Amino acid sequence: MRAARALAGGFPDISEMTVARQAHWRRWLAAAAILVVLAAIGRAFVNGQIEWTYVSRFLTAKVILEGITNTMAMAVLAMALGIVLGVVAAIMRLSPNPVLKSVAAGYTWLFRGTPLILQLLLWFNLALVFPTIGIPGLWSARAVDVMTPFLSALLGLGINQGAYTSEVMRAGMLSVDVGQYEAAQAIGMGRLRALRRIILPQAMRVVIPPLGNEFIGMVKATSLASVIQYPEVLHNAENIYYANSRVIELLIVAGSWYLLVVSILTPLQMLLERRFARGTLQITR
Amino acid sequence: MTRLSFTVGFAALLAITTAKAAEPPESIKQAGTLRLTVNSTYAPMEYRDPTTNQLVGLDIDLANEIAKRLGVKIIWSETPFAELIPSLQTKRADFIISGISDRSARRETADFIDYLATGPQFFVLTENEAKSAIDLCGKKVGTTRSTSFPIEIEKWSKQNCEANGKRAVQYAPGENSIDVRNQLKQGRIDAAVQGSETLPYAQGQEAGKYRIVSEPFSTGYQAIMFRKDDAALREVVTEHLAAMITDGSYKAILDKYGLGANAVAHPMMNAAPQ
């Protein structure tokens, strides 16, 4: 290496020096250690008492495919119900009307305050309280014919989701600058129209990431509906291992499907985020 | 008299030799504990006493008596019914005594020492019209989906309904006995199936609510389940069980739960007809 010329003031001129690569030996060591551990875990699973033929045989079995279809159908429908309820509850919560406000707060309190599985069991066993349900004089039916496992799961998951989504929506609406409300008011828009035209479109950009998060949670939360006999993928996997005792194998099958679905959903969320950020993307870039 | 004294003497000798022979395997003796796993949703076989939250039941009493004779203490753990067999395989439990039926399909993974006669039995709400099991053809019948009962219902339906030109029983899954009875009470299902050994208790809990329909539709045994490679423990426990049957302590436990009629004459291995 050349000796550095001295500059004025005794400082060496380092502008022409080459930068030596640091030997990041600790990084190498850490990476190697982690890879060894991962390999050991992988090897343990390969050699463990897992009959992989059962995994491959049941991965695409009809009843498992039906299960994952039911899982996705329930996740989409319950999330849709949750978003509708969440938007309504958030609007009510931010309304100046004290009744609307406290009803919305009560809804969030009740359904966020009790475990999801408890709510599912309540909906499923509703007929113990109300043997028949209906609209007086118009229509009535046996509660069990209405509260099928499907509807019990949809109501349980959707209403619970609505309580959480209302908070996400409220956060989104609060994130829109108050000047936007005022401007909308100034040009004569009513509250609801201002919400629909001005506030909610802007709030969407903020709520998509947390909603995507919630939806991924919902995909997995549908597995709780297995206890009320909704035939989603975990329920069907359980039924198989109740018969053939290949517990781990079937849990791997179900787990793989959840992972696959979530892996597909993540890039979809990115696309959605990009769409709702159309107005702001150029600015933030 | 000589004959009697000889018999008594022989019995005493037998008792001594069995007592001496029936030592638990070294690992259990050293630990001083048996690790047992139950699914406590199956009264009166094993359940949590509603007031004390203690594990109680016929199986619990039998296991405690066996442990007493082995000179060890039991460490209980609980698990869903479907995880009982994995618990045995993973050695979480030394053996399983938890209202489990001796089924040939399960004998691939375990050996069964049969100790209680049982069988799946139909029951309905008292006001139901069904007079006998055959009236349940074409009806919705629920049972716990993790048990062997769904298969047995299907088999029964094939032989008794479909073979006679009647509509097949529609099976409806439930999560456990309590869930199945809730479905029955709500009218979600028309009839339910439980092991005959649990029905007197269920009827006692909700007097006048349920009516049993016909005899158990297949006969089988509840059994203690051992790992196939654990013959030592299996033999010791079988010996103690045989001694308990002989000295009446077994009968006393069964009578306590009103199940004296379900007694077996002696423990049997993998003996349930399929």
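What follows is a short tour of this model, from chain contacts down to single residues.

Keep in mind as you look around that this is a predicted model.

**Where the chains meet**

Let's begin with the contact between the two chains. It takes 14 residues from chain A and 13 residues from chain B. On the side of chain A that touches chain B, the elements giving two or more residues are helix H6 (143–146) and helix H10 (233–244) of chain A. H10(A) supplies the largest share of that side, with four residues. Sort the residues on this side of chain A by class and you get eight nonpolar, four polar and two charged.

Now find helix H11 (residues 247–276) of chain A. With 30 residues at 1.5 Å a residue, this helix should span 44 Å, and its end C-alpha atoms are 43 Å apart, which agrees. Which residues of H11(A) are buried? They include A:Glu249, A:Leu250, A:Val253, A:Ala254 and A:Trp257. An α-helix has 3.6 residues a turn, so residues three or four places apart point the same way. Among the elements covering the buried residues of H11(A) are helix H2 (52–59), helix H3 (62–93) and H10 of chain A.

Over in chain B, the domain assignment gives domain 1 (2–117 + 221–269) and domain 2 (120–213). Their centres, taken over C-alpha atoms, are separated by 29 Å. Where they touch, domain 1 of chain B gives 15 residues and domain 2 of chain B gives 12 residues.

In soluble globular proteins, nonpolar side chains tend to be buried together. Here, the largest nonpolar core has 42 residues, and B:Phe95, B:Ile96, B:Ile113, B:Ala223, B:Ile224 and B:Met225 touch the most other members. Elements giving two or more residues to this core include strand E1 (33–38), helix H3 (58–70) and strand E12 (220–227) of chain B. The largest share of the core, six residues, comes from H3(B). Zoom in on B:Ile96: leaving aside neighbours within four places in sequence, B:Ile96 is in contact with B:Thr37, B:Leu84, B:Ser87, B:Leu88, B:Ile224 and B:Met225. A second, separate core of 38 residues includes A:Ile91, A:Trp123, A:Leu195 and A:Leu224.

E2(B) pairs with strand E3 (residues 46–48) of chain B over two bridges, and B:Thr41 stands opposite B:Tyr47 in E3(B). In the loop between E2 and E3 of chain B sits B:Pro44. A cis peptide bond joins B:Ala43 and B:Pro44, with omega about 0°.

How exposed are a few picked residues of chain B? Here are their C-beta neighbour counts.

| Residue | Other C-beta atoms within 10 Å | Class |
|---|---|---|
| B:Gln89 | 16 | partly exposed |
| B:Lys91 | 10 | exposed |
| B:Asn270 | 16 | partly exposed |

B:Lys91 lies in the loop between H4 and E6 of chain B, and its phi is near 60°, a positive value in a residue other than glycine. B:Asn270 has a positive phi too, about 45°, although it is not a glycine. As for B:Gln89, in helix H4 of chain B, its C-alpha atom is separated by 7.9 Å from that of B:Thr109, 20 residues apart along the chain.

Note on methods. Residues numbered from 1 in each chain as written. Chains lettered and ligands numbered in written order. Predicted model: local features only at pLDDT ≥ 70, side-chain atom pairs only at ≥ 80, totals over all residues. Contact = placed C-beta atoms within 7 Å. Nonpolar A, V, L, I, M, F, W, Y, C, P; charged D, E, K, R; others polar. Pairing = 2+ DSSP bridges. Domains from an automatic or database assignment. Expected span 1.5 Å × (residues − 1). Buried ≥ 20, exposed ≤ 12 C-beta atoms within 10 Å, placed from the backbone. Core = buried A, V, L, I, M, F, W, Y, C linked by C-beta atoms within 7 Å.
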